[in-house]
Amino acid sequence: MPNLDDHRTDPVLVDSTLSLDQVRAGLAHHEAAHAVVAAALGVPCTRVRVMRVTRADGTGWTGSTSYENARVSAYGLALIAAAGEHGELYHLAATGLLTRATARTACSTHDRDTAISAAGSLGFTIVLDGPAPADPDQGATWTEVSEEARDLVAELWPTVTAVAEALLLAPDFTLTGNDVSDLIARTRIGLEGEHHDR
């Protein structure tokens, strides 16, 4: 698949309106959403991490998710890219931290631009403004992609949360692809057990 590794070029600076722990938690849910939605679309990840970075204007935090070279549609690539922002927004809302300022922090134009470029390399057009190609096999709007990604994150939220929580507890805030696969499998079994008990 085209290179869709997520790495925020503008890390969240430590002087954010959020505390350091809150910044890391948001990033963990962002990266977990990428990884879990990718797995649901048949694209396992190889590593998920949250890390500290230093830039000229200060120290900040960012995240990165890398993937196996699996076959996936251009639209699927875009869904994986769009999922991160929704994972972070969903987490902020669930913890009572969602404001205009924190929503801006979660905004992932880097993911969107990467998705548009990767889809374009596969002959699929994603448009920001204006109508999409008439044939849905040829393209979509970013709004369509984002809304479907939001729904996927909501549907997979227990798994996203499980991966994010494990990521925050992991050494160096890093999980391997096998770690993520095991968490997804365990969460699925747990959810099926809860459903069966009802």
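This is a predicted model: local features need pLDDT of at least 70, side-chain atom pairs count only at pLDDT 80 or more; totals for chains, interfaces and linings use all residues.

**Entry 1: a charge over a ring.** I started at Arg 24, which lies over the face of Trp 61, 4.9 Å from the ring centre.

**Entry 2: the overall layout.** I stepped back to look at the whole chain. I found seven helices and seven strands. Reading along the sequence, I wrote down the pattern β-β-α-β-β-α-α-α-β-β-α-α-β-α. The chain has 198 residues, and 45% of them count as buried. I also looked up how far contacts reach along the sequence. Among contacts with a separation of 6 or more, 69% are between residues 24 or more positions apart.

**Entry 3: back to Trp 61 and its partner.** How many aromatic pairs are there? The count comes to three. One of them joins Trp 61 and Phe 173: the ring centres are 5.8 Å apart and the planes stand at 85°, so I put the pair down as edge-to-face. The cut-off I needed for that is an angle over 60 degrees. Next I checked where the two residues sit. Trp 61 is in strand E4 (residues 58-67), while Phe 173 is in the loop between helix H6 (157-169) and strand E7 (174-176), so the pair ties together parts that are 112 residues apart in sequence. Is Trp 61 buried or exposed? Its relative accessibility is 8%, so Trp 61 counts as buried, the limit being under 20%.

**Entry 4: another ring pair.** Tyr 75 and Phe 124 also make an edge-to-face pair, with 6.2 Å from centre to centre and 75° between the planes. Tyr 75 belongs to helix H2 (residues 74-94) and Phe 124 to the loop between helix H4 (109-121) and strand E5 (125-127), so this pair ties together parts that are 49 residues apart in sequence. I looked up the accessibility of both. Tyr 75 is partly exposed at 21%, whereas Phe 124 is buried at 8%.

**Entry 5: H2 against H1.** H1 passes H2 in a right-handed crossing. On the H1 side, the contact residues include Ala 25, Gly 26, His 29, His 30, Ala 33 and His 34. On the H2 side, I noted Leu 79, Ile 80, Gly 84, Glu 88 and His 91 among them.

**Entry 6: H2 against H4.** What is the angle between the axes of H2 and H4? The two cross at roughly 170°, and their axes come within 9 Å. H2 is therefore roughly antiparallel to H4. The contact is made by Ala 74, Leu 77, Ala 78 and Ala 81 of H2 together with Asp 111, Ala 115, Ala 118 and Ala 119 of H4.

**Entry 7: H2 against H5.** Helix H5 (residues 142-155) packs on H2 at an angle of about 60°, with the axes 7 Å apart. I logged H2 and H5 as oblique to each other, and their crossing as right-handed. Tyr 75 turned up again here: it is one of the H2 residues that meet H5, and Ala 78, Leu 79, His 86 and Tyr 90 are also among them. From H5, the residues involved include Trp 142, Val 145, Arg 150 and Leu 152.

Entry 8: Most residues other than glycine have a negative phi. Phe 173 has a positive phi, near 50°. Asp 172, found in that loop between H6 and E7, has a positive phi too, near 60°. Asp 172 is exposed, with a relative accessible area of 67%.

**Entry 9: one more loop residue.** Where is Asn 69 found? I traced Asn 69 to the loop between E4 and H2. Asn 69 is exposed, at 68% relative accessible area. I also took the distance to Thr 46: the two C-alpha atoms are 9.7 Å apart in space, and the residues are 23 apart in sequence.

Definitions and conventions:
Residues are numbered from 1 along each chain as its sequence is written. Side-chain values use heavy atoms; hydrogens and water are left out. Rings of Phe, Tyr and Trp (its six-membered ring) pair if their centres lie within 6.5 Å; planes under 30 degrees apart count as stacked, over 60 as edge-to-face and the rest as tilted. Helices (H or I, at least four residues) and strands (E, at least two) are DSSP runs, numbered from the N terminus. Buried means under 20% relative accessible area, exposed over 50%, partly exposed in between (1.4 Å probe, protein chains only). A charge sits over a ring if NZ of Lys or CZ of Arg is within 6 Å of the ring centre and within 35 degrees of the ring normal. A crossing is left-handed if the near helix is turned anticlockwise from the far one by less than a right angle, and right-handed if clockwise. Contact means heavy atoms within 4.5 Å. Axes are lines fitted to C-alpha atoms, for helices over the stretch in contact, and angles run from 0 to 180 degrees between N-to-C directions. Angles under 35 degrees count as roughly parallel, over 145 as roughly antiparallel, 65 to 115 as roughly perpendicular and the rest as oblique.
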